[in-house]
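Here are some notes to read alongside the model. Please keep the structure open and find each residue as it comes up.

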Amino acid sequence: MSAAGFVYALGGARTRCTPSRADAKLAVDTHQLVSAEILRARRLLDENVSLERAWSEMQASRGRAAASTVEALLYSLRAGGTALACPHARRRLAELAEAQLHEVSARLQTFQPKIARAWTLIEVELLVAVWSDLHG
């Protein structure tokens with residue numbers, strides 16, 4: 001495809017759209033400057049990249065932990081504040097963004113008795129202190 005026009009299919013026939021302005025070629029050429037984000041998105045669309053890997057990379061780029069990481073952390077924290085001594089829990093906690101920390105804190109305080117004991121305010125404060133230490 002040339003920079004002066006675009007080809008698309010319409011009803012089985014290929015149709016060529018050409019810019020009507022003389023300076024349209026310049027406009028098309030400026031779009032050739034591709035940002036790093038677009039390049040990363042194109043790389044993630046490659047057929048050799050799994051959906052899970054693409055999703056994980058997209059979430060990591062936002063500075064947020066993956067949803068599976070949050071759920072694994074919550075599962076491990078069912079044991080109470082003592083679970084914060086576990087290296088796996090600390091690693092998962094370190095991956096959380098601040099907004100996710102608030103979400104986890106709220107969920108810990110609303111655990112159902114048949115699943116786990118709800119966390120006390122002191123335990124949640126300990127969780128926030130550990131998160132703060134891990135984030136320096």
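1. In this predicted model, the buried residues of helix 7 are E123, V124, L127, V130 and W131. The arc they cover around the axis is only 120°, so they sit on the same side of helix 7.

2. The other side of helix 7 has exposed residues: L121, I122 and D133. Buried here stands for under 20% relative accessible area, and exposed for over 50%.

3. What covers the buried residues of helix 7? Helix 5 (87–95) and helix 6 (98–109) are included in that cover.

4. Helix 7 itself runs over residues 121–134, which makes 14 residues. From its first C-alpha to its last it reaches 20 Å, close to the 20 Å expected at 1.5 Å a residue. Just after helix 7 comes G136, with a positive phi of about 65°.

5. Turn now to helix 6. Its 12 residues should span 16 Å at 1.5 Å a residue, and this agrees with the 17 Å between its end C-alpha atoms.

6. Which residues of helix 6 are buried? They are Q100, L101, V104, S105 and L108. These residues lie on the same side of helix 6, because they cover an arc of only 140° around the axis.

7. The buried residues of helix 6 pack against helix 4 (67–76), helix 5 and helix 7.

How values were computed:
Residues numbered from 1 in each chain as written. Predicted model: local features only at pLDDT ≥ 70, side-chain atom pairs only at ≥ 80, totals over all residues. Heavy atoms only, no water. Helix = DSSP H or I, 4+ residues; strand = E, 2+ residues; numbered from the N terminus. Expected span 1.5 Å × (residues − 1). Buried < 20%, exposed > 50% of the residue type's maximum accessible area, 1.4 Å probe, protein only. Arc of directions from axis to C-beta. Contact = heavy atoms within 4.5 Å.
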